[in-house]
Amino acid sequence: MASKRLFDKIDSIQLLSVTKKYDDRFAINDISIDIEGGELVIFIGPSGSGKTTTLRMINRLIEPDSGTILINDQNVMELEPVALRRNIGYVIQNIGLFPHMNIAENIGLVAKLEGWDEKKIKDRVEYLLDFVSLPSEMFMDRYPHQLSGGQQQRVGLARALMMDPPLLLMDEPFGALDPILRKQLQEEFYQIREKLGKTIIFVTHDIEEAFKLGDRIAIMDDAKLVQIGTAEELIFHPANEMVASIVDTSKKFKHLDTLKIKDLISPLECMYVHDGSLDVEGAISSMIEKNIEIAVVSNGSGPLGIVKLIDLLRMDDKESKIVDHVIEIPSFSRNELLSSSLKIMQKDGHSMAFVMTDGKLSGFLFPNDAFSQVIG
Amino acid sequence: MVTLESILSHTADHLVLVVITLIISICISMPLAFGSLYNKRFGYVVIKFANLAQAVPSFAVVAIVVPLMGIGFYPAVVAILLRALLPIIKNTYIGLSTVDPSMLDYADGIGLNEWQILRYVRLPNAYPAIFAGIKFAFILINSIAILTAYIGSGGLGELIFQGLVAFNNEKILAGAIPAILIAIAFDIIFTRIEKKLTPHYRK
């Protein structure tokens, strides 16, 4: 009972005067948008502004009262909902992994329903797990509750990619993660996005995430589309006060060269610190339990560097000490100038640095994050 | 003096009664619970009726069927059924309907149809509750099957009532101990089946 492949590639998605009402209240009020194939469009706005409703109309989880939604000039209302949804990848904030299925079954469910043979499913699942940086041999047979939040969200993405849909709908996919993990997943997603080559519609409430990932950003307020454009257009030509406050235009006047590291520090939580004498096995279980993707390795007197969970998982020698696998990263005092530290980091290609206060580790500096705060 | 033969034959009668009643009650409860899931009004009537039947004291249920159906094996089955339906219906219904909404939303969003959602999401989610309901129903069936000896169902209750009338402790125990053993054995067997069917996905 394989569903028809409705589209191999997205040429365009059009919303034409789409309106949806619940009782007397508009959920979506006369929205028209043109989305090009291959674009990553981000919907952002206060809660209740209609961004999720708009997303869910594209795969017909919600049906419009009036107006038309076209994918490649086909009206979605004329497509069979089950077939339509199987042609569109779907990622949600709560992930929605099925607790009674292991990771391979979760990812392969729709393929199984589509009648793929087992070998083909297994190969594809293995490929996708590796693609989202989860070693397949370690994760295929695990159950969702054995995974950290970040790992579950990676599985959520792998699952959405199973049928190789040309279109992905992502509803606050990183919204439930803690800030440091969120940044790392955004970074990874940003990197694999090119490889994916898919049209993506993405909902978030985090303007920094929008600036970082979006080709264009659609700002919603009170069921209406207020403005859609690139980050630059929104920052330099905000349509109204509301847009200006969301993109926080005043920030663009902040002068980078007066900012100090302490203005943009991401504070340290002690759960990140692990002693260098810990073995790899112990570090993995500790990090999975604490739901963190990176750990600071310390030797008692100060931080030596970091280790990443992904790297540890791939190590053959699980008995070795993590101190032997440390990735050194720069460290700066909190009163140093941001601009000079960023230059140093850029030169050596580091994506994070330690921030020290009185010789002690007090936080992290993420250049990407710092940069988007400054321009945002 | 109670002969071993008499204990065995009463135990066999008792087992036949409880097992048949359990099977019938599962066969009746499941469709009612599934139906309740897809039709709110139907569900309302079913749960109300099951609650009502549950509110009547056990002995009264046994007594009520006599003017309607007379005495014997089948009236006893009906009397026990009335008490055993509720835990299975209610637990099955609750198990099927209390699924994490984000999972249902997701199942919808990836294009599962109603039947596939039931098969792959709701039913596995409901297994633990369904099993708990069936176990509890069996405890009720086993104990009410003792009472129905009063209306001629036969079984271990017969020994107990005879013993009570004759102040014969030996007879009372000859009826009570196998009944207790049956309850324990069922619990062990069913827990095994449950473990087989619901693998280690819960912490």
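This is a predicted model: local features need pLDDT of at least 70, side-chain atom pairs count only at pLDDT 80 or more; totals for chains, interfaces and linings use all residues.
Me: Which residues form one aromatic cluster?
Reply: Residues are numbered from 1 along each chain as its sequence is written, while chains are lettered from A and ligands numbered from 1 in the order in which they are written. Rings of Phe, Tyr and Trp (its six-membered ring) pair if their centres lie within 6.5 Å; planes under 30 degrees apart count as stacked, over 60 as edge-to-face and the rest as tilted. The members of the cluster are B:Y127, B:F131, B:F138, B:F186 and B:F190.

Me: Are the rings of A:F174 and A:F202 stacked, edge-to-face or tilted?
Reply: The whole structure has 15 aromatic pairs over all chains. In this one the centres are 6.2 Å apart and the planes stand at 55 degrees, so A:F174 and A:F202 are tilted.

Me: How many residues apart in sequence are the parts tied together by A:F174 and A:F202?
Reply: Both A:F174 and A:F202 are buried (under 20% relative accessible area; exposed is over 50% and partly exposed in between, with a 1.4 Å probe and protein chains only). A:F174 lies in the loop between β7 (167-171) and α7 (179-196) of chain A, and A:F202 in strand β8 (residues 199-204), so the pair ties together parts whose separation in sequence is 28 residues.

Me: Are the rings of B:F186 and B:F190 stacked or tilted?
Reply: B:F186 and B:F190 are four residues apart in helix α8 (residues 169-197) of chain B, and therefore about one helical turn apart. B:F186 is buried at 14% relative accessibility, and B:F190 is buried at 11%. Their ring centres are 5.0 Å apart and their planes at 15 degrees, so the pair is stacked.

Me: Which residue lies over the face of A:F139?
Reply: A charge sits over a ring if NZ of Lys or CZ of Arg is within 6 Å of the ring centre and within 35 degrees of the ring normal. One such case is A:R159, whose charged end is 5.8 Å from the centre of the A:F98 ring. Over A:F139, at 4.8 Å from the ring centre, lies A:R142.

Me: At roughly what angle do the axes of α1 and α6 of chain B cross?
Reply: Axes are lines fitted to C-alpha atoms, for helices over the stretch in contact, and angles run from 0 to 180 degrees between N-to-C directions. Helices (H or I, at least four residues) and strands (E, at least two) are DSSP runs, numbered from the N terminus. Helix α1 (residues 4-38) and helix α6 (residues 114-147) come within 9 Å, and their axes cross at roughly 145 degrees.

Me: Which residues does B:A137 touch, not counting those up to four places away in sequence?
Reply: B:A137 is in helix α6 of chain B and is buried, because its relative accessibility is 0%. Contact means heavy atoms within 4.5 Å. By that rule B:A137 touches B:A84, B:P87 and B:I88.

Me: What share of the residues in chain B is buried?
Reply: Chain B has eight helices and zero strands. Its C-alpha trace spans about 70 × 40 × 20 Å along the principal axes. Of the 203 residues in chain B, the buried share is 47%.

Technical notes:
Side-chain values use heavy atoms; hydrogens and water are left out.
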